[in-house]
Amino acid sequence: MKLAIGQAIVDQIVEGMREAGIDFVAGLPDGWLNPLHQRLEEDSSFQYICVPHEGIGVAICAGAWLGGKTPMLVMENSGLRTSAETIARICMFARIPILMLISFRGDVGDTEYWAVQHRILMEPLLKAFRIPYKIIRKADRGELKRSIVGAIKTMNMQLYPVAIVIGEELV
């Protein structure tokens, strides 16, 4: 059975994005977050760019921020590794903030063997980069929506990337 986030989770994410003032999204579609990518592509309140590589997504979001947009990058946690150099050179060095919404492949309950390395490396990499992050595993009480709004506040105050990670239980 192929898993993906449901409509209620997509709605909560989009509501949080609107409340936070996010108006630009780059993303590399993955199985879990594909319904969100589809919704963002169809929603005219967001400028959505589908990217071929997460590092390119980081660079595009950085350019959008320099152009006055409030950007978010949507990706799988493997994308954190593949975009590490771009995050270090652009976001950390130049203090350009972006919000990363990341699916937590390899989280407890994920049945894909290839996702184990994604789990093992994600949090150590976020900590090594000193990127503030929050893992959301439950959809209750609007925590996902509030976390997106809070992440944008932190991102803008620190001029630094912030990550919201969506755990397997939301799928």
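Helix H7 comprises 16 residues (143-158), and at 1.5 Å a residue it should span 22 Å; the end C-alpha atoms lie 22 Å apart, in agreement with that expectation. The expected span is taken as 1.5 Å times one less than the number of residues, and helices (H or I, at least four residues) and strands (E, at least two) are DSSP runs numbered from the N terminus. The structure is a predicted model, in which local features need pLDDT of at least 70 and side-chain atom pairs count only at pLDDT 80 or more, whereas totals for chains, interfaces and linings use all residues. Residues are numbered from 1 along each chain as its sequence is written, and side-chain values use heavy atoms, with hydrogens and water left out.

Buried residues (under 20% relative accessible area; exposed, over 50%; partly exposed, in between; 1.4 Å probe, protein chains only) of H7 are Leu144, Ser147, Ile148, Val149, Ala151, Ile152 and Met155. These residues pack against helix H1 (7-20) and strands S3 (71-76), S4 (99-103), S5 (133-136) and S6 (162-166), contact being defined by heavy atoms within 4.5 Å. Leu159, which follows H7, has a positive phi near 50°.

The strands S2-S1-S3-S4-S6-S5, in that order, form an open sheet of 6 strands with parallel pairing, where pairing requires at least two DSSP bridges between two strands. Strand S2 (47-50) and S5 are the edge strands, each pairing on one side only. Neighbouring strands of the sheet are turned against each other by 20° on average, direction ignored. Between S5 and S6, parallel pairing extends over 4 bridges, and Tyr133 stands opposite Ala163 in S6. H7 packs on this sheet through S3, S4, S5 and S6, and its direction makes about 165° with that of S6; axes are lines fitted to C-alpha atoms, for helices over the stretch in contact, with angles from 0 to 180 degrees between N-to-C directions.

In helix H2 (residues 34-42), the residues Leu36, His37 and Leu40 are buried. They cover an arc of only 100° around the axis and therefore lie on the same side of H2, the arc being that of the directions from the helix axis to the C-beta atoms.

With a disulfide defined as a pair of cysteine sulfur atoms within 2.5 Å, the count is 0. Cys50 is in no disulfide, the nearest cysteine sulfur, that of Cys61, being 12 Å away; Cys50 is partly exposed, at 47% relative accessible area. Cys61 is buried, at 0% relative accessibility, and its sulfur is 8.4 Å from the closest cysteine sulfur, in Cys91, too far for a bond.
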